Amino acid sequence: MFRSTIPIGDVLVRRLLPLLALGLAGCPAATGTLPTEENLPPDEPTLGISPVSPTTIDDLSLTILQDATDPEGGPVTYRHEWFVDNEPLLDPSEPDTVSSDVTTKGEVWRVFTRAVDQEGLEGAPVSSEVTIANSPPAATASIQPSEPSSLDDLQLVVVVEDLDGDASTTAVHWLLDDNPVPAFDGFATIAAAETTRGQIWSVEVTPNDGEADGDQATATVLVRNDRPTVSGVVLSPEDPREADTLNVTTAAPEDGDGDPVSLAYQWYVGGDLVLGAEVDTLSSDHFDKADEVFVLVTPFDDSDLGDPVQSNQVVVDNTPPSGQAVGVSPSEGTEATVFSCEPSGWLDPDPADSEGYVFQWFVGGSPVASTASVDGSVFNRDDVLHCEATPTDGEAEGEILTSSTVTVSNTPPTLTSATLSPAAAVETDVLLVAAVGFADADGDPPGYTYAWYVGGAPVATSGPSLGGDWFSKGDDVYVEVTPFDGTTGGAHVTTNTVTVLNSPPSLVSVSLTPSVVFTTSNVSATPNGWSDIDGDSPGYTYAWFVAGAPVGFDNDTLSSTFFSRGQQISVEVTPQDGEDVGAPVASSPITVANSPPDPPVVEISPAEPEDEDELTCIEITPSTDADADSVETAFLWLQGGVPTAFSGAQLPASATGDGEEWTCVATPNDSLEDGAPGLATVVIGCPYLFQDDDGDGQGDPEVSMIDCDPVPGWVGNSDDCDDDDDTTYLGAAELCDGADNDCDGSPGADEIDGDGDGVAECEGDCDDGDDTTFEGAAEICGDGVDQDCDGVDEPCSGCGDGILDPGEEVDPPVSIFTTLTVDPVTCRYDFSNVPQLYCNGGCTWDDSQAGCGEGDADIFCQLKTDNPLSESQAFGTVSALPTHGFPCARSNYGTPMGADVTDRLMSPLSFAVRYMDGDVRAAHNNGGTVINVVVCTDP
């Protein structure tokens, strides 16, 4: 590509105008004459042009590497002038930039720059220059065709561009499967004979403009397979039907590479691809009548598919239907029957076709109708019928089907209805049947048969009537009436159902009790003479009347709250059997009598009179009257049980004497009659005495008497709340015995066992909120709690001190145990880190025989896990290692570890586990066997 230099106008020079006079408009004029100083030019800047080695594609940019400075310290600007091959560049678009559009290879570009101060004074010029270098050519390469087969020549297409317009040459190198092919260097074409399917051909093209190489251009193609072809695709038969199979035939497929070719088939029915049909035949399962069918055949050579070829298109023809048989239904009938011609076994290969038939009926061999059914209008009794049915799908007819014959039988008669009466029947009635609407197509005279049903069950009688001997109350009765023409019975009709009704019960009389009624009495009614012909259980309703008015109460007893003295009471009782009611029966009335007043409650004051005291009879509880009558009380005094002449509530003191017994008799009266009297008795000069059975000097308030003389075992107070215990009475001291000694309703607070440990506070429990602390409790040393209530918490003496402290499980002799650790609180041996345990040489754990076994390993697990349920899952046996600490079971070896260990871990062993130390091992010559590497469960 050639470019030329284009002048773009005068050189633009940026100049700054000299500053105006320092004085500004509106400022006062300076006075006097100032000395004038000479302005000095700025110094030179340092320049640079980039890029340093440009080509014709690069813009030139001027860069101030170091700014100029002004001696007066003012601002500095710059003026640039560009020259190309010593000729000035006119009117550059940007003073510090030159576009690549105006440069040409070989040109020398120089820039002159002057610094300019704020007064427009320029400094000395400085310059910088560059030479436009050569631009290498660029090339693009391609191989045509881009997807060649082994039958195609490979044609190289190269395009070269040079920005400087230089003439260029190219160097061409071919590669086959990444390997150079020098024989074809410089070739523009590779003949098809040189290529093979699957080869990868590449080309490398390097351009050169006579000065420099450009970037290498490459292209690559894959020699593809030559696709196979097929022709002559024909589908047959040309006029298929639903039951046919379509076949496709083709000419022999061809392949340029000589590869074996297979064919793929794609069948289309109605324009849709048939999935799963990929062979050269298509069954009628995939198409129907009127479907358009064709097939696409595609050749394949195991590498590529060829172009698909479509077959001729065929249209599926209709197939006439067929049937298997035809029959007349029903197979027998009368003139009233509708006979139907019913074909069966319809078969039409075309699934979309609807089943259809053409019918023809024959009577006595002559055609009579072309319908699917016929009735008595075309035949009579004893006629012989048959029919024909021809299957058709609307387009074509199949073969005719002929039925067997049917002879018309007698027509049974019909009946419209039948009625059973009377509708409201009782057990003494006779039920009668009336039949209505007998009809017979053959003109036969009417006749009937009867089937009676009582309670849903048939009864052994016939005829148009049924007597009461066959049914009872509540029975449902109906009859089925069948019309009969002397030959055949018709369809029966069922009458209405008659339910036998209930007979109401009856009653003779009603009596009332009691015979004399007070306002405090309830009145009861008793019905007499129940009768019910149905044998139903008796039932009654009651209507009570007081003073002739109903009280609305339905019960056999009337409460006294419903009536008053002098009113008349009566009742009407209506018998009912649960279904019906009989005639009501009224009782004779009774009149409510007067109720005498209740006796009053009286006492005599004073209760313990002395000689010459006046006695007053006081009504503590006045008399009441059930009839709400006013009551007046009359008083009478008895001396020694004998009436006196004294009446009234007061008895004068002059009438009494020491030792006399006086009784007040208070008799109430409601103006009609007296009621029962109230009585009170005192003895003059004698006190009340109270029984003292327990001899504590306190009397029982529940047992008392009046006596003028002291009586042994009786006292004058009633302060004893338990006369069987001489420590319980009012004011007695509380004892630690659980009893209410002072009679205040509860024992002392310190007598209650608050924590449930069986010891109350007064019995030695020093903390009644802790059930582990009381006198005699086991002390646990060193826990800060005084369990035995002796005032101190006992300190623990420690493990191995010869003392088995409370809470300790064992007290081991610490001095000889060098491998087992001991829990400092429980003093329990800790076997969890013991690697092995001795189980042989006179010390077998299970005490059975020499040698280690699973039972020994289980005991080892119980010791290691401190769990009596632990079992060994796996273990090993080896010769004893030089390690102390081997439990054994024999009593003559080792040191006892404590019976409680046996109880917790070794059960059901009956012996204590002993600890075998090193000295015992030595006695056995360090022999025997140990259990080790044990895997334990820990449930």
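How much accessible surface does the protein have, and what share of that surface belongs to carbon and sulfur atoms? The accessible surface comes to about 48800 Å², of which 51% belongs to carbon and sulfur atoms, where areas come from the Shrake-Rupley method with a 1.4 Å probe and, for residues, only the protein chains shown count as cover. The model is a predicted one, in which local features need pLDDT of at least 70 and side-chain atom pairs count only at pLDDT 80 or more, while totals for chains, interfaces and linings use all residues. Residues are numbered from 1 along each chain as its sequence is written, and side-chain values use heavy atoms, with hydrogens and water left out.

The protein has three helices and 65 strands, which are DSSP runs numbered from the N terminus (helices are H or I with at least four residues, strands are E with at least two). Of its 939 residues, 37% count as buried, a word that stands for under 20% relative accessible area, with exposed meaning over 50% and partly exposed in between (1.4 Å probe, protein chains only).

Helix α1, covering residues 854-865, reaches 16 Å from its first C-alpha to its last, close to the 16 Å expected at 1.5 Å a residue; the expected span is 1.5 Å times one less than the number of residues. Nine of the twelve residues of α1 are buried, so this helix is largely enclosed by the rest of the structure. Among the buried residues are F860, C861 and L863, and the helix is followed by D866, whose phi is positive, near 55°.

A disulfide is a covalent bond between the sulfur atoms of two cysteines, and here a pair is counted when the sulfur atoms lie within 2.5 Å. By this rule there are four disulfides. One of them joins C861 to C936, with 2.0 Å from S to S, and with -85° about the S-S bond this link is left-handed. Because C861 lies in helix α1 and C936 in strand β65 (residues 929-936), the pair ties together parts that are 75 residues apart in sequence. C861 is buried at 0% relative accessibility, whereas C936 is partly exposed, at 26%.

Another disulfide is formed by C617 and C664, whose sulfur atoms are 1.8 Å apart. Since C617 lies in strand β49 (residues 615-621) and C664 in strand β53 (residues 661-669), this pair ties together parts that are 47 residues apart in sequence. Both C617 and C664 are buried.
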